[in-house]
Amino acid sequence: MARRTPAPVRVGADLVGILVLLACAFPVYWMVSRSFLPRNEIKGEDPVLFPWRGTLDNYRKILGDADFADAMVTSLSVTLLTVGVAILFAFLAAVAVSRFRFRGRRTFILTLLLIQMIPAEALFISQYKMLDGMGLLNSVIGLTLVYVASVLPFTVWTLRGFVDGVPRDLEEAAMMDGCSRTQAFFRVTLPLLAPGLVATGVFGFIQAWNEFTLAVVVMTDPAKETLPVWLVAFTDARSRGVDWGAIMASSTLITIPVIVFFLIVQRRMVSGLTAGAVKG
Amino acid sequence: MGRRSLPLGLVLPAVALLALALGYPLVRQVVLSLQEFGLAQQFGAPPEWAGLGNYRDLLTDSGLWVVVLRTVAFCFVNAGLTFAIGLGLALLMARMSRPVRILAQCGLLLAWAMPVVAAMTVWQFLFDTEYGVVNWLLTKAGGDFTGHGWLLEPWSFFLVATIVVVWMSVPFVVFTLYAALTQVPEDVLEAAEIDGAGTWQRFVHVVLPAIRPVLLVVILLQVIWDLRVFTQIYTLQKAGGVSKDTNLLGTYIYTLGIKGGDFGTAAAAAMFMLVLTIVLTAPYVRLMLKQED
């Protein structure tokens with residue numbers, strides 16, 4: 001719809017565009033700029049717009065906090081383990097769905113679509129009971145188990161799109177040239193799938209890194225909190241005076257990897273969820 | 001491994017994991033919802049069978065109905081606002097000058113990428129009673145908002161929650177709908193214009209039908225997502241909201257089961273939420289499956 005737009009409409013649209021930028025970016029700016037402010041400036045009469053007299057004290061404080069470090073280790077372990085297992089399992093399933101017609105294939109796809117939509121809140125009661133019975137509450141393995149299940153449907157669905165995108169002819173040509181089916185797959189198809197595996201892995205990383213609901217249910221022991229659960233507990237005002245500078249610094253630290261990764265996969269996230277519908 | 005069993009072997013790990021982490025809890029939840037969990041069970045006694053007692057309790061308990069109504073109302077208001085703002089912005093985006101459009105997209109991308117908990121702490125800070133910039137601005141603008149607590153009253157609690165949820169959800173809608181709008185065939189639009197169709201007519205008769213499938217998916221996803229808002233409500237409650245007056249289904253189930261230990265009733269409420277979601281999801285799944293055939 002790149003049409004010629006009358007000048008007044010364009011000016012109006014541009015004004016809205018600027019407003020959108022402000023409304024979206026301001027909270028992010030506030031978070032980052034406050035993270036550099038010393039305590040007395042945050043609690044000053046009038047807020048300062050720009051942190052001229054910035055300090056790294058808030059970051060020093062957070063990075064020296066043993067609880068933050070613990071939460072970081074837990075978060076990283078759960079996230080990386082989730083991504084690894086989900087990518088491996090999803091990859092195998094995606095190859096099966098894309099390259100083979102087998103009995104139960106349609107049921108499998110239907111089930112994936114359905115469970116992708118099931119909210120964590122509708123099952124976390126019994127997942128809690130199950131992990132409790134297995135002795136896996138407050139454990140990295142337990143949280144990873146429920147995380148893999150929640151990212152697997154989307155992961156299979158996305159990877160399957162990538163496998164579809166690699167022409168079979170290429171594999172067959174390699175087989176004509178004397179490769180076995182397995183060799184053809186590993187030497188021809190797999191390298192072509194690398195970008196897809198990276199994009200899907202990044203998506204899984206963001207999901208697991210940000211997840212809060214299941215983490216707060218499974219990790220009830222304060223020593224086993226993931227970063228999001230730790231942050232919410234840290235912000236909880238009633239126990240002590242709220243240290244907004246430190247809270248903003250830790251929020252910024254949690255956000256940075258997500259923003260970086262998000263920029264990598266953003267395009268795919270739009271097309272992934274609605275791919276079928278856009279093509280009509 | 002034979003030709004025939006190879007694909008089954010490939011899906012086996014995924015199927016096994018899903019069966020363990022989702023399938024088994026689902027079955028277990030049905031059982032749980034038929035059991036009674038009281039004080040004795042917290043001290044180790046085996047749960048007693050309650051038949052449909054938990055469901056009956058839930059259905060006759062006015063507490064649940066208030067929560068359900070609140071959840072549905074919150075969902076429709078948020079999904080509606082998100083969709084209206086998103087569609088409006090997507091349409092306007094096509095009419096912005098290039099640099100402004102890119103700037104607006106960068107802003108939307110930032111808001112979209114923000115982790116939920118980080119966004120929640122920032123918004124809590126913005127609406128903070130003592131040091132919040134919102135109170136400061138409103139006071140400067142002439143109101144008396146010094147020391148105003150936004151989370152104390154349910155109405156203003158949900159106002160804040162709505163602002164945050166909409167802020168986080170609009171970017172996805174804008175990007176998706178904008179992508180769909182760029183696919184609307186230019187020549188059809190021009191033909192309609194030559195035939196004398198005004199802007200509104202072109203929108204209703206050409207643009208809307210062309211993006212209809214995407215619109216449907218976006219609305220459905222939005223409704224499903226806004227039905228399960230948990231993190232935002234949970235954190236705002238921690239920050240000073242009164243839980244009893246501000247619970248939505250997710251936090252209600254959490255408080256009932258994980259915090260309160262009444263797993264039976266909580267499981268019954270969770271089944272209710274599950275069925276509600278599946279009913280709402282059916283059209284989306286049908287749409288995606290049609291693509292599959």
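User: How many cavities of 30 Å³ or more does a search of the whole structure find?

Analyst: Happy to start there! Rolling a probe the size of a water molecule over the atoms shows where empty space is left. In this predicted model, searching the whole structure turns up four cavities of 30 Å³ or more.

User: How much space lies in the largest cavity?

Analyst: The largest cavity holds about 1,500 Å³ of space. Its lining is made up of 47 residues, and those closest to the centre are Phe203(A), Gln207(A), Val116(B), Trp225(B) and Arg228(B).

User: Which helix gives the largest share of that lining?

Analyst: Look at chain A: helix H7 (residues 140-165) supplies seven residues, the largest share of the lining. Sorted by class, the lining has 33 nonpolar residues, along with ten polar and four charged ones.

User: Now to helices. How should I read the packing of two of them?

Analyst: Two packed helices are described by the angle between their axes and the distance between the axes. Take helix H6 (residues 124-133) of chain A and helix H13 (residues 249-259) of chain B: their axes come within 10 Å and cross at roughly 35 degrees.

User: Which residues meet there?

Analyst: From H6(A) come Phe124(A), Ile125(A) and Tyr128(A), and they meet Gly250(B), Ile253(B), Tyr254(B), Gly257(B) and Ile258(B) of H13(B). This contact has six nonpolar residues, two polar and no charged.

User: What confidence does the predictor give the complex?

Analyst: For the complex, the predictor reports an ipTM of 0.90 and a pTM of 0.91. Chain B has an average pLDDT of 90, with 97% of its residues scoring at least 70.

Conventions:
Residues are numbered from 1 along each chain as its sequence is written. Chains are lettered from A and ligands numbered from 1 in the order in which they are written. This is a predicted model: local features need pLDDT of at least 70, side-chain atom pairs count only at pLDDT 80 or more; totals for chains, interfaces and linings use all residues. Side-chain values use heavy atoms; hydrogens and water are left out. On a 1 Å grid over the protein atoms alone, a cavity is a set of points where a 1.4 Å probe fits but cannot get out, and a pocket is an open set with protein on both sides within 12 Å along at least five of seven lines; lining residues have an atom within 4 Å of a point. Grid points are joined across faces, edges and corners, and a volume is the space filled by probe spheres set on the points. Helices (H or I, at least four residues) and strands (E, at least two) are DSSP runs, numbered from the N terminus. Ala, Val, Leu, Ile, Met, Phe, Trp, Tyr, Cys and Pro count as nonpolar, Asp, Glu, Lys and Arg as charged, and the others, Gly among them, as polar. Axes are lines fitted to C-alpha atoms, for helices over the stretch in contact, and angles run from 0 to 180 degrees between N-to-C directions. Contact means heavy atoms within 4.5 Å. pLDDT is the predictor's confidence in each residue, from 0 to 100.
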